Amino acid sequence: MRLILLGAPGAGKGTQAEILSKRLGIPTISTGNILREAIRNRTETGLKAKAFMDQGKLVPDEVIIGIVRDRLAEPDCANGYILDGMPRTIPQAEALVNAGIEIDCVISIEIDDAVIEQRMTGRRVCGSCGSSYHVTANPPKIEGICNACGSELVTRPDDVPETVRSRLAVYHKETEALKGFYEKLGKLRLIEGNQPIEDATRDILAALGVSK
């Protein structure tokens, strides 16, 4: 099963990718992780990427595609994979097709911006032990204090309202159009994201034709 997970920041892609990876026995391929690995291993495409990054430039799509193609050729991807963070734009999606990278299904986790903003801006993290809370969904016993170690809870920079709105705007401008691209190819499946995690997983597995 070769999958792409789409959805706005905070929609729950990472959580579902982790669950699906274990359930289906296939790896999650994170573009950021494999880019860093390729640079660390000094592969041909990794060195190309490093040259752009050293100049403060964005790594071109063709280099990213090369790194993705190399990673998908590894033995653990023989039975499938989940692409996380790739593609982000129509040109990247077209480049995947042109590179012969096959995709069986694209799952788009649908959730309103207002719900995402409430989710993300309400998150609090312990600066010491990393425990995570939410002001309404999972509040600490004492406001602003970690249950586990008693340290102060903080708001991550990515969860500041202005940053959340900015990330959502980028998603709608650059990435949301991928839904139309994959719908035309007959590969798109829409999943309601504003529901319990296990229910969203159930709906994704049903869309994939996989029994629980």
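Which side chains meet in a salt bridge with an N to O distance of 2.8 Å? In this predicted model, the side chains of Glu117 and Arg165 do so, a salt bridge being a side-chain nitrogen of Lys or Arg within 4 Å of a carboxyl oxygen of Asp or Glu. The pair links distant parts of the chain, 48 residues apart, with Glu117 in helix α6 (residues 113–121) and Arg165 in helix α7 (residues 161–175); helices (H or I, at least four residues) and strands (E, at least two) are DSSP runs, numbered from the N terminus. Arg165 is partly exposed at 43% relative accessibility, where buried means under 20% relative accessible area, exposed over 50%, and partly exposed in between (1.4 Å probe, protein chains only).

The model is predicted, with pLDDT of at least 70 needed for local features and 80 or more for side-chain atom pairs, while totals for chains, interfaces and linings use all residues. Residues are numbered from 1 along each chain as its sequence is written, and side-chain values use heavy atoms, without hydrogens and water.

The structure holds 12 salt bridges in total. One of them joins Lys179 and Glu110, whose closest N and O atoms are 3.0 Å apart. Lys179 lies in helix α8 (residues 178–184) and Glu110 in strand β4 (residues 105–110), so this pair ties together parts that are 69 residues apart in sequence. Lys179 is buried, at 16% relative accessibility, whereas Glu110 is partly exposed, at 24%.

A further salt bridge is formed by the side chains of Arg156 and Asp159 (3.2 Å, N to O). Arg156 is partly exposed, with a relative accessible area of 36%, and Asp159 is buried, with 0%.
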